[in-house]
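Keep the viewer open as you read.

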Amino acid sequence: MKKRNIFVLIVLLIALTLTLAACGNSGKTKDSGGKKAEKSGEDADYKAAMVTDVGGIDDKSFNQSSWEGLQAWGKEHGYSKGNGFDYAQSTNESDYMPNLNRLVRDDYNLIFGIGFNLKNDIEEVAKQFPDTEFAIVDDVVEQPNVVSINFKEQEGSFLVGVAAAKKTKTNKVGFVGGVESPLIQKFESGFVAGVKSVNPDIKVDVQYAASFAAPDKGKIIASNMYNDGVDVIYHSSGGTGNGVFNQAKDIKQNDPDRDVWVIGVDRDQHEEGQVGDHNVTLTSMVKRVDIAVQDVANKAMEGKHLGGETLEFGLKDEGISVAMTNKEAMTDDIVKAVEEWKEKILNGDVKVPKTRDEVKEYEKSL
Amino acid sequence: MIDILNSVIPTALFFSAPLIFTALGGVFSERSGVVNIGLEGLMVMGAFVGVVFNLTFADVFGAWTPWISVLVAAIIGGIFSIIHAVASVSFRAEQVVSGVAINFLALGIGVFLTKQWYDKGQTDMVSQPFSSTNIPVLSHIPVIGKMFFQGVYTSSYVAIILAFVAWYVLYKTSFGLRLRAVGEHPMAADTNGINVTKMRYTAVIISGVLGGIGGSVFALTIAANFSATTIVGQGFMSLAAVIFGKWHPLGAMGAALFFGFAQSLSIVSAGIPYLSNVPQVILLIAPYVLTILALAGFIGRAEAPKANGVPYIKGSR
């Protein structure tokens with residue numbers, strides 16, 4: 001008898017925890033839902049919303065960036081959160097579907113799915129509701145009412161590769177990837193091509209951690225690379241990259257004269273590189289999901305039919321950029337080289353490879 | 001060869017340290033007869049408290065911040081583990097279920113409070129993490145010095161020393177004898193006047209303290225911030241180390257070091273001539289495959305304490 005009581009107690013505890021955890025995120029959404037009921041239909045004639053990945057709108061990465069884009073779009077048209085635009089937070093993968101359905105029922109005209117994890121759910125919902133427009137970030141869904149938003153990560157990676165090649169003194173640079181996939185290979189290929197364009201003799205050490213959430217592996221890889229004489233590491237590995245930063249900062253802390261650098265990804269990771277008076281973040285490959293989201297929302301609002309299209313944002317549309325925050329590390333010489341190559345990419349002189357095979361061909365053409 | 005060891009050993013040491021602390025906690029708890037699946041949750045708690053304390057008090061304590069953070073994480077970890085003790089010892093709940101609840105609860109609390117206090121999904125990076133040092137005198141020893149004592153984290157050596165302390169406590173003191181007796185045959189222990197409940201409570205709280213230390217050491221040496229994905233599986237790896245190490249403190253330490261070594265080797269191997277042709281996936285899974293093989297044959301049967309997982313009911317046979 002007693003045992004059963006305990007079981008009940010534990011189940012309650014678990015339920016409580018989950019509810020608490022969920023409250024932190026969805027509480028806000030609910031509030032705005034209330035407001036929306038009062039005002040909806042009055043002044044917002046075109047409404048857009050987004051469903052986050054499990055990262056949430058404050059993940060310092062693409063979810064946050066997308067939300068900033070949507071907010072900017074709302075501001076542009078005088079909307080407020082819950083009235084014209086909104087987001088739905090997903091705390092785990094089973095939330096995608098209910099969130100998408102809820103937003104469709106709330107009559108949003110355009111719904112963004114942030115991240116390739118939502119691919120299957122967007123595809124399914126798009127089939128069920130052909131009158132609503134959807135958008136997926138970082139993947140391709142082939143449906144007449146889904147617009148696929150992709151980025152030319154290889155272009156930005158190419159430019160940070162140029163910066164790395166200019167910065168290295170040992171002629172050895174490193175690349176740390178998360179999970180090996182065509183998407184991350186775009187980063188890798190662009191980076192390798194950028195490095196080789198400056199100096200074909202520079203060795204690029206490429207390693208994958210097989211996870212986007214393993215700072216311990218990131219740290220081991222970085223430690224090993226720096227021991228091997230690598231002095232610039234470009235990471236494209238989400239949370240795993242924390243370990244890379246950590247190792248670089250540790251080396252810098254013990255020996256401030258040693259040159260070790262990390263190149264950040266997705267957004268400007270300048271803050272992560274701060275150690276005392278030094279900063280190990282050389283630059284970052286910034287993916288402006290916000291610009292893309294704002295752009296797509298505006299075009300869709302104007303009535304342009306984007307469904308079924310795959311949009312690629314690159315240097316040209318400012319969907320990709322290179323951070324120049326670390327003025328001390330990014331010397332004039334480096335900035336000049338980056339600008340030069342940027343020019344070459346923009347006017348089509350250089351076609352940046354996005355797969356390993358293309359890199360091989362590109363190297364031959366140098 | 002020496003070059004390879006020079007890069008493998010220091011990384012293996014910092015990778016293993018959190019696992020050693022937590023595994024020792026597991027040894028204490030399981031030796032007293034309480035299964036502790038909740039190690040993962042205790043580590044989450046430790047990582048959370050360690051990071052929050054570090055962020056808040058970095059200006060006050062300066063260079064001592066990481067050590068004090070670990071201490072605070074240990075205390076909170078100990079308090080938090082009382083939940084598991086109450087459920088599984090006093091109320092005789094199924095210990096696996098209670099442990100799983102601890103895992104859920106810790107992650108829930110951590111993520112929820114991060115959200116409340118910092119209004120974001122993850123904390124900032126701590127400004128005072130542990131940093132590696134050269135150990136004076138010892139680091140000048142030729143060959144071995146560079147391998148073991150240069151650019152290492154003090155916490156790694158604290159972990160190893162603690163494993164010996166744990167061995168001494170468990171096998172050379174009367175407290176340890178009582179603790180083990182309670183885990184092997186609680187009724188016999190009870191008959192001899194040992195308070196079974198008290199012993200088990202103590203053991204679970206010790207495991208909470210060590211789990212808290214393990215989690216905070218992980219956060220302050222490796223991840224540097226706290227989010228829902230800071231601790232993913234390290235607690236379960238520690239649990240595997242407990243079993244791999246046959247519920248013996250030194251065995252658990254050895255197993256944890258082995259995990260670290262294998263993990264580090266899998267990454268360094270890309271530069272080793274005859275290993276570089278092996279697909280990386282195989283090297284990445286090697287530690288786990290080796291564990292299974294070792295458990296299946298090499299080290300013989302891993303025998304758990306007899307009364308592990310069985311609640312003690314006074315007067316029953």
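How many bridges join strand β10 (residues 261–266) of chain A to β13(A)? There are five, and the two strands run parallel. Before going further, a word on what you are looking at: this is a predicted model, in which local features need pLDDT of at least 70, side-chain atom pairs count only at pLDDT 80 or more, and totals for chains, interfaces and linings use all residues. Residues are numbered from 1 along each chain as its sequence is written, while chains are lettered from A and ligands numbered from 1 in the order in which they are written.

Strands here are DSSP runs of E with at least two residues, helices are runs of H or I with at least four, and both are numbered from the N terminus. Two strands pair if DSSP finds at least two bridges between them. Seven of the seven residues of β13 (residues 281–287) of chain A are buried, so the strand is largely enclosed by the rest of the structure. Buried means that 20 or more other C-beta atoms, placed from the backbone, lie within 10 Å of the residue's own.

Now turn to an open sheet of seven strands in chain A, ordered β2-β3-β1-β4-β5-β6-β14 with parallel pairing. β2 (80–81) and β14 (310–313) of chain A stand at its edges with a single partner strand each, so one side of each has no neighbour in the sheet. Inside that order, β4 (residues 110–113) and β5 (residues 133–137) of chain A run parallel and are joined by four bridges. One pairing to pick out is Gly113(A), whose bridge partner in β5(A) is Ile136(A).

Stepping back, chain A has 11 helices and 15 strands, and 51% of its 366 residues are buried. It is divided into domain 1 (43–151 + 290–313) and domain 2 (153–286 + 331–365), with bounds that come from an automatic or database domain assignment. The C-alpha centres of these two domains of chain A lie 30 Å apart. Six residues of domain 1 of chain A are in contact with four residues of domain 2 of chain A, where contact means C-beta atoms, placed from the backbone, within 7 Å.

Chain B has 12 helices and zero strands. Its radius of gyration, taken over C-alpha atoms, is 20 Å, close to the 20 Å that the globule rule (2.2 Å times the number of residues to the power 0.38) gives for 317 residues, so chain B is as compact as a globular protein of that length. Of those 317 residues of chain B, 55% count as buried.

Finally, look at where the chains meet: 37 residues from chain A and 37 residues from chain B take part in the contact. On the chain A side, α1 (2–39), β8 (203–208), α7 (215–227) and α8 (240–254) each supply at least two residues. The largest share, 11 residues, comes from α1(A).

Terms used:
Two residues are in contact if their C-beta atoms, placed from the backbone, lie within 7 Å. A residue is buried if 20 or more other C-beta atoms lie within 10 Å of its own, exposed if 12 or fewer, and partly exposed in between; C-beta atoms are placed from the backbone.
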